[in-house]
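Reader: Could you show me the model we are discussing, and then walk me through it step by step? I may jump between topics.

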Amino acid sequence: CGRELYLKITFANTMSSAVDVAMTLNGEEYANIPFYPTGSTAAEEAGNYVYIPVILDKDVNTVVFDVLQTGTSALYIRGAEIVAVSDRW
């Protein structure tokens with residue numbers, strides 16, 4: 001079993017409402033991720049993030065967001081990174 005981490009997704013959603021996107025992790029259905037509306041611009045410097053708690057396998061992991069099932073082209077995923085949280089309070 002792996003360690004709990006966060007998948008940090010940088011995005012822009014230029015629609016006026018949230019978009020739910022199905023996510024699979026290592027080939028298994030994982031969750032529907034809500035991407036909140038960020039405004040009419042998809043500026044690259046915008047700091048819009050969503051953090052998704054995940055438990056990753058030791059070696060290789062595959063994450064897929066089924067953006068096409070949303071029926072919109074207004075969701076832009078710019079980046080993804082793994083974030084470890086070491087401080088708890």
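This is a predicted model: local features need pLDDT of at least 70, side-chain atom pairs count only at pLDDT 80 or more; totals for chains, interfaces and linings use all residues.

Author: Two strands are said to pair if DSSP finds at least two bridges between them.

Reader: What is the strand order in the open sheet, and how do the strands pair?

Author: The open sheet has 3 strands in the order 3-2-5, and the pairing is antiparallel. Strand 3 (28–35) and strand 5 (63–65) are the edge strands, each of them pairing on one side only. From one strand to the next, the twist averages 25°.

Reader: How many bridges join strand 2 to strand 5?

Author: There are 3 bridges between strand 2 (residues 19–25) and strand 5, and the two run antiparallel. Within strand 5, V63 is the residue that stands opposite L25.

Reader: And how far apart are I55 and L25 in space?

Author: Their C-alpha atoms are 9.4 Å apart, while in sequence I55 and L25 are separated by 30 residues. I55 itself belongs to strand 4 (residues 49–55), and its relative accessible area of 44% makes I55 partly exposed.

Reader: Switching to rings: how many aromatic pairs does a search of the whole structure find?

Author: The search finds 3 aromatic pairs.

Reader: Is F11 buried or exposed?

Author: F11 is buried, at a relative accessible area of 0%, whereas Y36 is partly exposed at 35%.

Reader: Why does the pair of F35 and F65 count as edge-to-face?

Author: Their planes stand at 75°, with the ring centres 6.1 Å apart, so the pair is edge-to-face, given that planes over 60 degrees apart are classed that way. This pair links F35 in strand 3 with F65 in strand 5, 30 residues apart, and both residues are buried. F11, F35, Y36 and F65 form one aromatic cluster.

Reader: What does N48 touch, leaving aside residues up to four places away in sequence?

Author: N48 touches I9, T10, F11, Y36 and T38. The side chains of N48 and Y36 are also joined by a polar contact of 3.5 Å. N48 lies in the loop between strand 3 and strand 4, and it counts as buried because its relative accessibility is 15%, under the 20% cut-off.

Reader: Last one: what lies over the face of Y49?

Author: That is K8, at 4.2 Å from the ring centre of Y49.

Technical notes
Residues are numbered from 1 along each chain as its sequence is written. Side-chain values use heavy atoms; hydrogens and water are left out. Helices (H or I, at least four residues) and strands (E, at least two) are DSSP runs, numbered from the N terminus. Buried means under 20% relative accessible area, exposed over 50%, partly exposed in between (1.4 Å probe, protein chains only). Axes are lines fitted to C-alpha atoms, for helices over the stretch in contact, and angles run from 0 to 180 degrees between N-to-C directions. A polar contact is a pair of N or O atoms within 3.5 Å; within protein, one must be able to donate a hydrogen and the other to accept it, and residues adjacent in sequence count only if both atoms are side-chain atoms. Contact means heavy atoms within 4.5 Å. Rings of Phe, Tyr and Trp (its six-membered ring) pair if their centres lie within 6.5 Å; planes under 30 degrees apart count as stacked, over 60 as edge-to-face and the rest as tilted. A charge sits over a ring if NZ of Lys or CZ of Arg is within 6 Å of the ring centre and within 35 degrees of the ring normal.
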